[in-house]
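I opened my notebook to keep track of what I looked up, one entry at a time. Follow along with the structure open beside you.

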Amino acid sequence: MIVVMKPGATKDQVRHVVGLVREFGLKEHIIEGTDRTVVACIGDKRMVEKDAIENAPMVERIVPILAPYKMASLEVRQSRSVFEIGPQRFPLGAARVGVIAGPCSVESRDQILRTAEAVKESGCIGLRGGAFKPRTSPYAFQGLGSKGLAILAEAREKTGLAIVTEVIGLEQLDEVAEVSDVLQIGARNMQHYPLLEAVGKVRKPVLLKRGMSARLDEFLLAAEYIINAGNNQVILCERGIRTFEEYCRNTLCLTAVPALNEMTHLPVVVDPSHGTGHAHFVPPLCRAAVAAGADGLILECHPDPEHASSDGAQSVTPAVLSDLMNQLHRVARAIDRDL
Ligand code: PEP
Ligand code: MN
């Protein structure tokens, strides 16, 4: 349920409500809006004497949260969440669309530094690259691990780009959280609940990728695990789902963009690289994602896709990225946004 305070309620009056909420065994999340504060209360509401809270000073009303994903829902927070990303504090979720690009995997210092320069030059806000890779086959390249993280840290130092890299398990979390500006949780781990709770304890934005067969409500419930553990900075990433279609690697579900925008206040980012599996599909689907209202894009870019250790077929070159960014500027402006 949500306790809506009257405009002008003082901090002490909010604290008083929080005290009551806790007495009834619920957990509170305080959300300060522009004109009023609301206290979202999570837990077993059957234990609550609503009257006691409703009659507290400056409480306007109590409303139930109907969505199963409580904290992620628009019922709790009507204004869109905006998170500051990386050293430049790019406001993701606001008017400008943020683009993150980089290779699937960190392969070498030279590859990352070259890519980072190009990515920065083209106007992107972040550099992606996996140091720890969740591969379908145990025989495929598994990533450079800690060495890869050190290379990403150097690229961040040199370019000021935000680093987005994946954490695949609890064991690597501290190490990845030290270097990464945004912690990526991959599609395969969307339902790794202990990992979601663990990144919920980190004070950094989390890019949560949609599981390959996850419905949107399941996706939002996964986000809820992170928020409920204490980290409200969750960025949702649509990266394509499994369907009967085999022409593309996955079916990029662009409907998820407007759908999520009416279900949640969290920013939505689209990954057309994993979403399609083919580099030539990436530019048109980036354009479509921006037109559909995505707050950001994350795509794979490699200086030499033919020799990439992973996902070369879906990686665009720096030259294609640069052209694409120019097109995206125009698409963003057509819908009153910018890049
Ligand atoms: C990736 O971003 O390289 C990746 C493994 O993505 P996903 O989890 O969407 O498959
Ligand atoms: Mn990849």
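**Entry 1: ligand 1.** I started with Lys 133 and found one of its polar side-chain atoms 2.9 Å from an oxygen atom of ligand 1. For Ala 187 it is a backbone N or O atom that lies 2.7 Å from an oxygen atom of ligand 1. Glu 300 brings a polar side-chain atom to 3.5 Å from an oxygen atom of the ligand. I then looked up the cover: on its own, ligand 1 has 300 Å² of accessible area, and the protein covers 97% of that. I noted that such areas come from the Shrake-Rupley method with a 1.4 Å probe, and for residues only the protein chains shown count as cover.

**Entry 2: how I read the model.** This is a predicted model, in which local features need pLDDT of at least 70 and side-chain atom pairs count only at pLDDT 80 or more, while totals for chains, interfaces and linings use all residues. Residues are numbered from 1 along each chain as its sequence is written, chains are lettered from A and ligands numbered from 1 in the order in which they are written, and side-chain values use heavy atoms, with hydrogens and water left out.

**Entry 3: the manganese ion.** Which residues coordinate the manganese ion (ligand 2)? I found Cys 104 (SG), His 274 (NE2), Glu 300 (OE) and Asp 311 (OD), at 2.0 to 2.4 Å. Donors here are N, O and S atoms within 2.8 Å of the metal (3.2 Å for Na, K and Ca), and sites may look incomplete, since water is not among the atoms. The spacing of the donor residues in sequence is C-x169-H-x25-E-x10-D. Cys 104, in the loop between β7 (98–102) and α3 (109–121), and Glu 300, in strand β14 (residues 296–300), are 196 residues apart, so the pair links distant parts of the chain. Helices (H or I, at least four residues) and strands (E, at least two) are DSSP runs, numbered from the N terminus. Cys 104 and Glu 300 are both buried.

**Entry 4: Ser 105.** Ser 105 is in the loop between β7 and α3. Is it buried or exposed? Ser 105 counts as buried because its relative accessibility is 0%; buried means under 20% relative accessible area, exposed over 50%, and partly exposed in between (1.4 Å probe, protein chains only). The side chains of Ser 105 and Ser 310 are joined by a polar contact of 2.5 Å. A polar contact is a pair of N or O atoms within 3.5 Å; within protein, one must be able to donate a hydrogen and the other to accept it, and residues adjacent in sequence count only if both atoms are side-chain atoms.
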